[in-house]
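Please view the sequence and the model together.

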Amino acid sequence: MVIGWYIHHHGYGHVARFRAVHPHLRVPVRVFSSLPRPEGLEGDVEWFELPHDADPVEREDGSLYDPREGDPTVRGALHWAPHDHPGHRARLATIAANAADLHLFVVDVSAEVVAFARLLGLRTLAVTQPGERTDAAHALAYDLADRILAPWAHGAVTASSLTARTDRVVWTGGISRHDGRPTADPHGERSVLFLGRVLDEDVRRAAEDLLTAAGWRTSAIGHDLASHVDDPWPLMTSHTVVVSAAGQNSVADLAAAGARAVVVAQDRPFDEQRHTACALHRWNLARVAPEGVDAAGIADLVASAADDDPDWSRWQVSGAAERAAAAIEAMLP
């Protein structure tokens, strides 16, 4: 048996989720993604790199065609299916050409690929995300999916799009690649880690200056290519407070680390991170920065978070990747 798996190319979260779940699967996996094959990925994973379908292309007459002109949403019925784009056709053709021996297709995430996989007659699992996903394309994907996987704790994030489909939803808890890794005790001095580009550069630097003046040691990683760190885990677990985005993987990593956290929700489609941030605030798991927070506001939130004792077990990260793998394999014939 072989499982197909579609990985959306936006950011690193979708591929990180796959890499967390894959070691717990007992059957081969064939991945389809616009992302290149990650370094260090296990050799038994087949990886099909798909062409892009949102870039302008040159027509035969030399003119430039922008796919945004090709009714890509089909009058609101879909998210992206532009007319006349060779990359879009080639993507679906590649999936179809390599689907004959698949027994199940995991889609993380794409409403169009869910619909396409189901039209191919494949058992289909749709990975969902927080946010107000009540539009026609999401409704179609969730209606067609044989199972829906929600990678957060049941009851944490309000998702009205799942209310009428709970018989097919599996809540796994937050999926983190760091689940089970040992944590370090924070240093005696107060310290803060700014994780990723969650603030404008001038706001972050000004906040660091304020915190340094108040006796904090500050570190910042992932805000540009030069500051990229392959394994942020030691830093996440050795700082008093972590300032992070509110993406699903970021939050799951915070939970795995048991971090005292300040969360800055990023502007994402369907208000995904704002919904997650609201859940963290409601469950007292992190300090949530208000919209347009300034440097002084960040410094105050960091100082307050230093005294927090969040019960991150509520996010159910422990064993979440195994639960996701079990839910996937339970669908195999």
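How do the residues of the lining of the second largest pocket divide into nonpolar, polar and charged? They divide into eleven nonpolar, two polar and five charged. Here Ala, Val, Leu, Ile, Met, Phe, Trp, Tyr, Cys and Pro count as nonpolar, Asp, Glu, Lys and Arg as charged, and the others, Gly among them, as polar.

## Basis

This is a predicted model, in which local features need pLDDT of at least 70 and side-chain atom pairs count only at pLDDT 80 or more, while totals for chains, interfaces and linings use all residues. Residues are numbered from 1 along each chain as its sequence is written, and side-chain values use heavy atoms, with hydrogens and water left out.

## Second largest pocket

The second largest pocket holds about 380 Å³ of space. Its lining has 18 residues, of which Val198, Val264, Ala265, Gln266 and Gly292 are the closest to the centre. Helix α8 (residues 272-282) gives the largest share of the lining, three residues. A pocket is an open set of points on a 1 Å grid over the protein atoms alone, with protein on both sides within 12 Å along at least five of seven lines; a cavity is a set where a 1.4 Å probe fits but cannot get out, and lining residues have an atom within 4 Å of a point. Grid points are joined across faces, edges and corners, and a volume is the space filled by probe spheres set on the points. Helices (H or I, at least four residues) and strands (E, at least two) are DSSP runs, numbered from the N terminus.

Valine 198 sits in the loop between β10 (191-195) and α5 (201-213). With a relative accessibility of 8%, valine 198 is buried; buried means under 20% relative accessible area, exposed over 50%, and partly exposed in between (1.4 Å probe, protein chains only). Apart from residues up to four places away in sequence, valine 198 touches Val243, Ser244, Ala245, Val264 and Gln266, where contact means heavy atoms within 4.5 Å.

Trp5, Arg17, Val21, Val106, Val127, Leu149, Ile175, Ala324 and Ile328 form its lining, which comprises eight nonpolar residues, no polar and one charged. At least two lining residues come from each of α1 (13-21) and α10 (320-329).

In α10, seven of ten residues are buried, including Ala324 and Ile328. The buried residues of α10 pack against β1 (3-7), α1, β6 (104-108), β7, β8 (147-150) and β9 (169-171).

## Helices α3 and α4

Ala111, Val114, Ala115 and Arg118 in α3 meet Ala137, Leu140, Ala141 and Leu144 in α4. Seven residues of this contact are nonpolar, none polar and one charged.

## Loop residues

Glutamine 129, in the loop between β7 (123-127) and α4, is buried at a relative accessible area of 12%. Leaving aside neighbours within four places in sequence, glutamine 129 contacts His14, Arg17, Val109, Tyr142, Trp152 and Glu272. Valine 109 is in the loop between β6 and α3, and the peptide bond from aspartate 108 to valine 109 is cis, with omega near -10 degrees.

Arginine 75 has a positive phi, near 60 degrees, and is exposed, with a relative accessible area of 72%. Phi of phenylalanine 270 is also positive, near 65 degrees; phenylalanine 270 is partly exposed at 30%.
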